[in-house]
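Let's take a friendly walk through a protein model together. Have a look at the sequence and the 3D picture before reading on.

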Amino acid sequence: MSPIKLSGDCSIYEISSVHQQVMKSWKGKSALALDLSKVSDIDASFIQLLMSCKQAAQQKKQSFELLNASEELTQMMDAMFTTDFFSTDSGTKAPEPTGA
């Protein structure tokens with residue numbers, strides 16, 4: 001599975017284009033893996049997008065994986081009480097911070 005590489009601003013100001021990029025790149029793939037190593041700016045809208053992506057993958061009975069999550073992302077997930085959401089089933093891998 002080749003991950004979809006996201007980069008740059010993934011905040012509310014760019015979330016619509018990030019969503020379009022994910023949906024366009026995911027077409028025809030059997031699983032959804034997102035490489036977050038180049039993401040620079042995030043906010044709650046990005047967490048919401050990731051939650052929506054996980055739910056869409058589950059509906060298609062596909063696996064969902066977050067790769068190279070930043071410490072900022074894992075801290076935001078903790079603050080928003082969403083860490084368990086991303087690690088509750090075997091088809092999803094919770095993000096592990098990079099550079100730790």
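What follows is a short tour, from the overall layout to a few single residues.

## About the model

This is a predicted model, in which local features need pLDDT of at least 70 and side-chain atom pairs count only at pLDDT 80 or more, while totals for chains, interfaces and linings use all residues. Residues are numbered from 1 along each chain as its sequence is written, and side-chain values use heavy atoms, with hydrogens and water left out.

## The overall layout

The protein has three helices and four strands. These are DSSP runs, numbered from the N terminus: helices are H or I runs of at least four residues, and strands are E runs of at least two. If you follow the sequence, the pattern reads β-α-β-α-β-α-β.

The protein has 100 residues, and 38% of them count as buried. Here, buried means under 20% relative accessible area, exposed means over 50%, and partly exposed lies in between (1.4 Å probe, protein chains only). Now consider contacts, meaning heavy atoms within 4.5 Å. Among contacts between residues at least 6 apart in sequence, 76% join residues at least 24 apart.

## How H1 meets H2

Helix H1 covers residues 15-26 and helix H2 covers residues 44-59; their axes come within 10 Å and cross at roughly 25°. Axes are lines fitted to C-alpha atoms, for helices over the stretch in contact, and angles run from 0 to 180 degrees between N-to-C directions. H1 and H2 are therefore roughly parallel to each other. For such labels, angles under 35 degrees count as roughly parallel, over 145 as roughly antiparallel, 65 to 115 as roughly perpendicular and the rest as oblique.

The crossing of H1 and H2 is right-handed. That word applies if the near helix is turned clockwise from the far one by less than a right angle, and left-handed applies if anticlockwise. On the H1 side, the contact is made by Ile15, Val18, His19, Val22, Met23 and Trp26, and on the H2 side by Ser45, Phe46, Leu49, Cys53, Ala56 and Ala57. Sorted by class, this contact of H1 with H2 has ten nonpolar, two polar and no charged residues. In this sorting, Ala, Val, Leu, Ile, Met, Phe, Trp, Tyr, Cys and Pro count as nonpolar, Asp, Glu, Lys and Arg as charged, and the others, Gly among them, as polar.

## How H2 meets H3

At what angle do H2 and H3 pack? The angle is about 85°, with the axes 11 Å apart. H2 and H3 are therefore roughly perpendicular to each other.

From H2, the residues Ala44, Phe46, Ile47 and Leu50 meet Leu73, Met76 and Met77 of H3. The contact of H2 with H3 divides into seven nonpolar, no polar and no charged residues.

## Two residues with positive phi

Most residues other than glycine have a negative phi. Asn68 has a phi near 60°, a positive value in a residue other than glycine. Asn68 sits in the loop between strand E3 (64-67) and helix H3 (71-79), and counts as partly exposed because its relative accessibility is 35%.

Phe81 also has a positive phi, near 55°. You can find Phe81 in the loop between H3 and strand E4 (92-93). Is Phe81 buried or exposed? With 76% relative accessibility, Phe81 counts as exposed.

Ser11 lies in the loop between strand E1 (4-10) and H1. Its relative accessibility is 8%, so Ser11 counts as buried. The side chains of Ser11 and Asp9 are joined by a polar contact of 2.6 Å. A polar contact is a pair of N or O atoms within 3.5 Å; within protein, one must be able to donate a hydrogen and the other to accept it, and residues adjacent in sequence count only if both atoms are side-chain atoms. Not counting residues up to four places away in sequence, Ser11 touches Asp41, Asp43 and Ser45.

Ser40 belongs to strand E2 (residues 32-42) and, at 41% relative accessibility, counts as partly exposed. Ser40 and Asp9 are 31 residues apart in sequence, yet 5.6 Å apart in space, C-alpha to C-alpha. Ser30, in the loop between H1 and E2, counts as exposed at 62% relative accessibility. Leaving aside neighbours within four places in sequence, Ser30 is in contact with Gln62 and Ser63.
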